Amino acid sequence: MYVVIAGGGKVGRSIAVDLLADHHEVTIIERIEDRCEELLRDHDLLVIHGDACEVRYLEQARLERADVFVATTHDDDSNFVACQLALASFAVPRAISRVNAPHNEDIFDRMNIEAVSTTTLISRLIREELTVGELVHLYTLRAGKVNLVEIDLPPDSSYRARDVVDLDLPRESVLVCIFRMVDGEDQIVIPRGDTELLPGDQVIALTTPELEGELRSAVLGSEV
């Protein structure tokens, strides 16, 4: 499989490394020159110094033969434009985009761009050919007895921050990790009792199928 990635930051690099380990062909388009040099030094892949919102750099990446185009930058507008170009000008079969603001997901979906807010799952989307609709149930374990699920918290003040210890979680549910954007960078938080859930957090949890609704109610509170 040939995959073109827009953005060579932590997210784009992680996806590339994952795909290269599975012997897929990867090209990265990156605007920052120092980052390009670092990628070329550390990894065996084609790196193009340029802006994926410009057609000439997509042409250099031979996007017309790509199986998947992935936009991973911190800017939703840039990701949207790049994916639109990939679909409209190069007829790429799949366009997957990191979406930093969850309220933007709807417009991406309406334009046939697979919007992914939990960015660490993008490489799994590509390799296993999943669709974004399946991200609610990230994994099923023990023959369906336990599910790994994602709960996206509202990104604005409509969500009241609360500590994990104050959540009325179902007995057979546990919070595994929290994905959080801080100053434009992704952070992974391992929750403890005094960990505060904040607006815009993406919460990953383990629960049984019958307790999913109760778990979401406990995490989202009055916002359900």
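Helix α4 (residues 76–90) lies across β4 and β5 and runs at about 175° to β5. Helices (H or I, at least four residues) and strands (E, at least two) are DSSP runs numbered from the N terminus, and contact means heavy atoms within 4.5 Å. Angles run from 0 to 180 degrees between N-to-C directions, along axes fitted to C-alpha atoms, for helices over the stretch in contact. The model is predicted: local features need pLDDT of at least 70, side-chain atom pairs count only at pLDDT 80 or more, and totals for chains, interfaces and linings use all residues. Residues are numbered from 1 along each chain as its sequence is written, and side-chain values use heavy atoms, without hydrogens and water.

Helix α1 (residues 10–21) lies across β1, β2, β4 (68–71) and β5 (94–98), at about 165° to β2. These strands belong to an open sheet of 6 strands, ordered β3-β2-β1-β4-β5-β6 with parallel pairing, where pairing requires at least two DSSP bridges. Because β3 (46–49) and β6 (114–116) each have a single partner strand, one side of each lacks a neighbour in the sheet. The twist averages 20° from one strand to the next. Within the sheet, 5 bridges join β1 (residues 2–6) to β2 (residues 25–30), and Val4 stands opposite Thr27 in β2.

The largest pocket holds about 370 Å³ of space. A pocket is an open set of points on a 1 Å grid over the protein atoms alone, where a 1.4 Å probe fits, with protein on both sides within 12 Å along at least five of seven lines; lining residues have an atom within 4 Å of a point. Volume is the space filled by probe spheres set on points joined across faces, edges and corners. Of its 26 lining residues, Gly7, Gly9, Glu30, Arg35 and Thr73 are the closest to the centre. Helix α1 gives the largest share of the lining, 4 residues.
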